[in-house]
Structures are given as structure tokens and as C-alpha cells.
Amino acid sequence: MTVPRIARRVMAGEPKKEAAMDYVKPYGVVDSMLAGGALKLSLPPRQLVLRGMLAGAYLGIGTSMAVTVAVETGYWILGSLLFPFGLALAILLGAEIITGSFALLPCAAVAGQKNAGLRQVCANWGWVFLGNLLGSTLYAGLFAIALTTAGDAQINAVGTKLIAIAEAKTNYYASHGTAGLLAAFTKGMLCNWMVSLAVVAAFMSTSFSGKILAIWGPTLLFFSQGFEHAVVNMFLMPVGMLLGANVSVSTWWLWNQIPVTVGNLVGGMLFTGLAIYGAHHTSAPAATPSVPATMPAQPGTARADQPGYSPSY
């Protein structure tokens, strides 16, 4: 019988090699959240807009792929399983997603970091939002051209589905009035609870595969349940309108984009960013070094007069 390699090492007295431990504990995750927030706040507007455009395009590509797969297979869950790749690209390539910033920047502000005042945070959100909008709508236009052969071909099943989605995400809410606005807001809040959790979960691993897995799970949870994501809708609304959806710009913004964005802000900030920061921001206590009982007290080393000193350590 062949003895497994690890068992042979143990039997031979060799130290057991542990599998690569790339898990980062919550305290380390919070440190990474604060470092990430500080980095975002240090970027100039031109980089925020450009990175935001890339993120908007990546999410648009992921959405168009997910809808295409769902239409061709007849199963929405299969499209949902593939959509997270777009978000993973955006996160791992350091692009700027407004929904992730909704979670990270309030933590930097609460921690009292430099340049994390209300004005700086809001300015950062504004530039990233603009970048996301530009990138998403740009891809929407390109995809509409590709889907319709520059308007020279009939709209196929994927285009028909995109039209239906755009109308459902606007006219349906409008038909329910205040209740529709509340539903859009709530779906936005639930969505970014998961999406911003994917952004934060990427800090839980130091390996590429670990980060991918951490991002995939929460993203699948949001997309498969039809929750509302502001940046995804920046693609879905324009592409649906370009294909002929009965949706006006004012309807898009009043009944979807604004309430969904506010819901994303609340969900990411409260349920992910500040919740995780509040639960884990206190550093773990340092181990107290043991001192031999026979060691005599050294004269001249007393520090009781120094702030924060305790004779117990």
C-alpha cells in the first residue's frame, strides 16, 4: 500500500507542511479596508473617472454575458453564475466601483483618516459615479450596435429580454408609486449589502483563487435574486432604451437610478462597511511577555510617569 507523502514525512519525523494559509482574519480585513479607503481618497479625479469607466464597462460586459446565457439556456441561474466574473475583473484590476466606495470611504472617515472629511468623500463618490456612468453607457452603445448590426437587423431574443428588463426596472416601479420607490430602494440596499461584501471579502485572502471565490459568492447572491445595482442599471437602462424600450430618461432616473443608488449607499455603508468596522476595528491585544520571577527590578527603568504606561506590562 502506498503511504501518502505527508504521512511519510510525519513518520520520518519531518515537520508537517501546512497548506498555503492565505486566509486573512477580520482584524486584518479591517486594516485592508482602511488602507483601501485611504488609497481611493488619494487618487486624483482623472484616475477616479478613468478607473470608474473601466469598472462600468466590466460590469456591463458581465451583465450582457449573463443575460445572453440566461436567454439561450432558459435558466437565469446560469447567467447569474457567470456574472461575478465582471465584478471580479473590476475589483482585481483596481477599478473604481461606486458601490464598493460606499462601504470603504465611511470607514476611513470614522477612523479619522487624513483627507476623509465629508467634502472629500462626496467628491470622490461624485467622480467615481460619473466614471461608472460613462463607462456603462459607452458599452451599452457598443453592445446595441453589435446586437442589431448597427440597426440594420431585427432585434433578437437577447435584445427583447434587455428591453423587458429595462421596462420592468422602471415602469413597474412607477405603476406602484411610493411603494415602487420603496421597493427599488430596498432592493438597492439588499444588493449592495452583498456587492460591497464581495469587495470586502476580497481582502480575506492573499491568493488569486481565494479572492475570486470570495468575490463570487456574494455577487451570485445579489444577481440571482434580482436585486438592484446602480452600475449594472447604468448599462441596462441605456441599452434597453437604445433597443426601443418604452422608458424615458426621467423615468429611468426617478424610478430606478436615484432610489437604487441611495439604497446602495445605505446598504454598503451600514450593513457592510461600518458594521464590519465596528465589529472588528479594535486591534487584538498583544501577548504579554513572560518575565522570570527571579529577575530583579532594574533601577531607573520606572516609566509610570509616561502617558499610557502600566506597571503590569
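Tutor: A crossing of two helices is called left-handed if the near helix is turned anticlockwise from the far one by less than a right angle, and right-handed if clockwise. Also, this is a predicted model, where local features need pLDDT of at least 70, side-chain atom pairs count only at pLDDT 80 or more, and totals for chains, interfaces and linings use all residues. Residues are numbered from 1 along each chain as its sequence is written, and side-chain values use heavy atoms, with hydrogens and water left out.

Student: OK, how many helices and strands does the protein have?
Tutor: There are 13 helices and 0 strands. Those are DSSP runs numbered from the N terminus (H or I, at least four residues, for helices; E, at least two, for strands).

Student: Which way does helix 7 cross helix 13, left-handed or right-handed?
Tutor: The crossing is right-handed. Helix 7 covers residues 118–148 and helix 13 covers residues 249–280; they pack at about 130°, with axes 14 Å apart. That angle makes helix 7 oblique to helix 13. Axes are lines fitted to C-alpha atoms, for helices over the stretch in contact, and angles run from 0 to 180 degrees between N-to-C directions. Under 35 degrees is roughly parallel, over 145 roughly antiparallel, 65 to 115 roughly perpendicular, and the rest oblique.

Student: Which residues in helix 7 and helix 13 meet there?
Tutor: From helix 7, Trp125, Phe129 and Leu133; from helix 13, Trp252, Trp253, Gln257, Thr261 and Leu265. Contact means heavy atoms within 4.5 Å. By class, that contact has 6 nonpolar, 2 polar and no charged residues.

Student: Switching topic: which residues touch the most other members of the largest nonpolar core?
Tutor: Leu87, Ile97, Leu162, Phe222, Phe235 and Val239, out of 66 residues in that core. Helix 7 gives the most to this core, with 10 residues. A nonpolar core is a set of buried Ala, Val, Leu, Ile, Met, Phe, Trp, Tyr and Cys residues joined through side-chain atoms within 4.5 Å.

Student: And what is Ile97 in contact with?
Tutor: Leaving aside neighbours within four places in sequence, its contacts include Ala55, Leu59, Leu87, Val128 and His229.

Student: One more: is Ser196 buried or exposed?
Tutor: Ser196 is buried, at 0% relative accessible area. Buried means under 20%, exposed over 50%, partly exposed in between (1.4 Å probe, protein chains only). Ser196 sits in helix 10, residues 177–201. Not counting residues up to four places away in sequence, Ser196 touches Thr99, Ala103, Gly268 and Thr272.

Definitions and conventions:
Nonpolar A, V, L, I, M, F, W, Y, C, P; charged D, E, K, R; others polar.
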